[in-house]
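Please look over the structure shown here before reading on. The briefing below takes up the confidence of the prediction, then each chain, and then the contact.

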Amino acid sequence: MSYVTLPYPFKPVEAPPEYRGKPVVDPSKCIGCGACANACPPDAIRMEIDEAKGVKRLILDVSRCIRCARCEEVCPMGAVKLSREFELATPRKEDLVTVIELKLFRCRVCGKPTEFTVRQVEKAKSLARYLPKERFEEILESMTLCRDCRRSRYVSKLVEIEIRGYVGSMGGLHA
Amino acid sequence: MRSVWVFHLNTGACNGCDIEILDVLTPYYDAERLGIKLVGSPRHADALLVTGPLTRQTYYAAKAVYEAMPPTPRIVIAVGTCACSGGIFYDSYAVHGGIDKLLPVDMYVPGCPPRPEEIIYGLAQLLGLVEKKVRGETYRDEEHEFRPEAPIVDRLWYDLRQVLTRIVGYFDRETVLNEFVSLVKEAYRRSNPRQALRSLVEEYCAKEEDPRIALAMRLLLNEFETLVDRYRDEGYPVEDLLKGLE
């Protein structure tokens, strides 16, 4: 072997520590919030909601990734990391796709799948449990509803307050 | 196949991948030792090294180049994220989004741009020298246990990281922050953690030779105290959580 030439591919080489290679999502940490999909400039990470199966899918297509590491920056769980792996060449494009399936949370009133995952609720609970008890219960009550149920709950509360205010202005119920 | 003669075709690349292809031909990487030679005409070429997202302007030129190649083996290698899928330009009106919209591709080499080693790895795979390493995977959440741990402390860590990025940049921030976290852990094992942390940071700064790191540490201390106060005022028992850190 000559003096200057790198003996790659016959001897392995390592990428430098600052190298940004293939993004890797840790499936035991990802909660499916979609922050990475929001931040990804070329939409290499997409979020897909499959209501029929009741799952949310994170689809990472490395063949479109430009290694900007925005996903690593915004991930609230530290689940996405850009590894130093660079040997990605493949004859099949499907080899470059990673899918993570996360179960959708079901509404406690109507039972339909909501747009957030079970893990998102778990994470929110673990954060809110340090709050005062009344606030925690209030948050928990609205957190475990789907969008429609939350809306109807809000409207019924509003109506209740309106009526009380109206009747109050007339001098109370027994006036 | 023993040696592959390649023709370099640019279909609207930003020149990043083109420069990496030039790198592959330098004596340091020396692709010619693998029998890979860059030729000046598609009529002499076995393979096309395609870069760029295939703009509308280059569509017919790329087609003409492919037809000018000898009928066999007509290998197409997509170099770079743009040639693989369109990359950052994938939804632009001016591009078709990847050379596979026009030609059958034999090897995808993603990267923005790919390292010279990545390109060599792709070429070596064509020659049968190395094996493919990546494969598509599907994970389901029931197979992997999820445990949300100390989210407030996590939040604190991310907030401090954000502050630190402004001073030390993206690469060194975690090293500096881990130093600070080790000081915090030590301070919260003592009886008066606030005072202990201040003296620990002062000690650290006195020993540290790099004034930039000393500055970053003082800033972190300041920011940490502000954040802890804020969390405590909102009713989170953040100091108890910090005491429980291992």
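Which pattern does chain A follow when read along the sequence? Chain A follows the pattern β-α-β-β-α-β-β-β-α-α-α, and its secondary structure comes to five helices and six strands, where helices (H or I, at least four residues) and strands (E, at least two) are DSSP runs numbered from the N terminus. This is a predicted model, in which local features need pLDDT of at least 70 and side-chain atom pairs count only at pLDDT 80 or more, while totals for chains, interfaces and linings use all residues. Residues are numbered from 1 along each chain as its sequence is written, and chains are lettered from A and ligands numbered from 1 in the order in which they are written.

**Confidence**
- The predictor gives the complex an ipTM of 0.84 and a pTM of 0.85.
- For chain B the mean pLDDT, the predictor's confidence in each residue from 0 to 100, is 90, and 98% of the residues of chain B reach 70 or more.

**Chain A**
- The radius of gyration of chain A is 25 Å, whereas a compact globule of 175 residues would have one near 16 Å; the radius is taken over C-alpha atoms, and the globule rule is 2.2 Å times the number of residues to the power 0.38.
- The C-alpha trace of chain A spans about 105 × 35 × 25 Å along its principal axes.
- Of the 175 residues of chain A, 29% count as buried, a term that requires 20 or more other C-beta atoms, placed from the backbone, within 10 Å of the residue's own.

**Chain B**
- Chain B is divided into domain 1 (5-126) and domain 2 (151-243), with bounds that come from an automatic or database domain assignment.
- The centres of domain 1 of chain B and domain 2 of chain B, taken over C-alpha atoms, are separated by 48 Å.

**The contact between the chains**
- The contact takes 43 residues from chain A and 47 residues from chain B, two residues being in contact if their C-beta atoms, placed from the backbone, lie within 7 Å.
- On the side of chain B that touches chain A, the elements that each supply at least two residues include α3 (81-85), β6 (137-140) and α5 (151-187) of chain B, while the largest share, seven residues, comes from α4(B).
- Strand β5 (residues 97-106) of chain A is joined to β6(B) by four bridges, and the two run parallel; strands pair if DSSP finds at least two bridges between them.
- Within β6(B), Tyr139(B) is the bridge partner of Ile100(A).

Notes
Buried ≥ 20, exposed ≤ 12 C-beta atoms within 10 Å, placed from the backbone.
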